[in-house]
Amino acid sequence: MRWIRLLLIVLAVVLLVTGAGVIFVLTVDLNDYKQTIERLVERGTGRTLDIDGRIDLELGAKTALTLTDTRFSNPDWATNEYMARVGRAYIVLDLRSVLSDAILVELVELDNSELNIELQESGRNNWTFGD
């Protein structure tokens, strides 16, 4: 009898934590975390990301992310200030793949966008990060 009570308590705690996590994910507004996202991208790439528009997230097995009015900088040596300027980006990925080695991106739609790819004679390019 005692083990049943313990099992019920553990089950209740697991359900409570899971429910709180689901509520958080469903109600979180990524726009509140723009500066954090921008800092993480800069730390990971050495380049600045400016998100002047909105970030919208649609959760599901196929998760969609929409970014608007976003810019990603080029390295100092590049001829253009920005590697990318995006009026609107709509990206759909398989959420299950986030837990694997490779994230599966199923769709990328870009509107009002500009991509500046540069390759120098020396082989240096602007799509390799961390240099």
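Residues are numbered from 1 along each chain as its sequence is written, and side-chain values use heavy atoms, without hydrogens or water. Because the model is predicted, local features need pLDDT of at least 70 and side-chain atom pairs pLDDT 80 or more, while totals for chains, interfaces and linings use all residues.

Strands (E, at least two residues) and helices (H or I, at least four) are DSSP runs, numbered from the N terminus. Two strands pair if DSSP finds at least two bridges between them. β3 and β4 pair in the antiparallel sense over 11 bridges. Here K62 has D94 in β4 as its bridge partner. β4 also pairs with β5, again antiparallel, over nine bridges. L93 is bridged to V105 in β5.

One aromatic pair is counted. Rings of Phe, Tyr and Trp (its six-membered ring) pair if their centres lie within 6.5 Å; planes under 30 degrees apart are stacked, over 60 edge-to-face and the rest tilted. The ring centres of F72 and F129 are 5.7 Å apart and the planes stand at 70 degrees, so the pair is edge-to-face. F72 belongs to β3 (residues 62-73) and F129 to the segment after β5 (105-115), so the pair ties together parts 57 residues apart in sequence. F72 is buried at 13% relative accessibility. F129 is partly exposed at 39%.

N125 also lies in the segment after β5. This residue is buried, with a relative accessible area of 11%. A polar atom of the N125 side chain lies 3.0 Å from the backbone nitrogen of W127.

The largest pocket holds about 540 Å³ of space. Its lining has 21 residues, with L49, L67, T70, A89 and I91 nearest the centre. α2 (34-45), β1 (49-51), β3, β4 and β5 each supply at least two lining residues.

The second largest pocket has a volume of about 210 Å³. Its lining includes L30, L57, T63 and L93. β3 gives the most to this lining, with three residues.

Note on methods: Buried < 20%, exposed > 50% of the residue type's maximum accessible area, 1.4 Å probe, protein only. Polar contact = N/O pair within 3.5 Å; in protein donor to acceptor, adjacent residues only side chain to side chain. 1 Å grid on protein atoms, 1.4 Å probe; cavity = no way out; pocket = protein on both sides within 12 Å on 5 of 7 lines; lining within 4 Å. Points joined across faces, edges and corners; volume = space filled by probe spheres on them.
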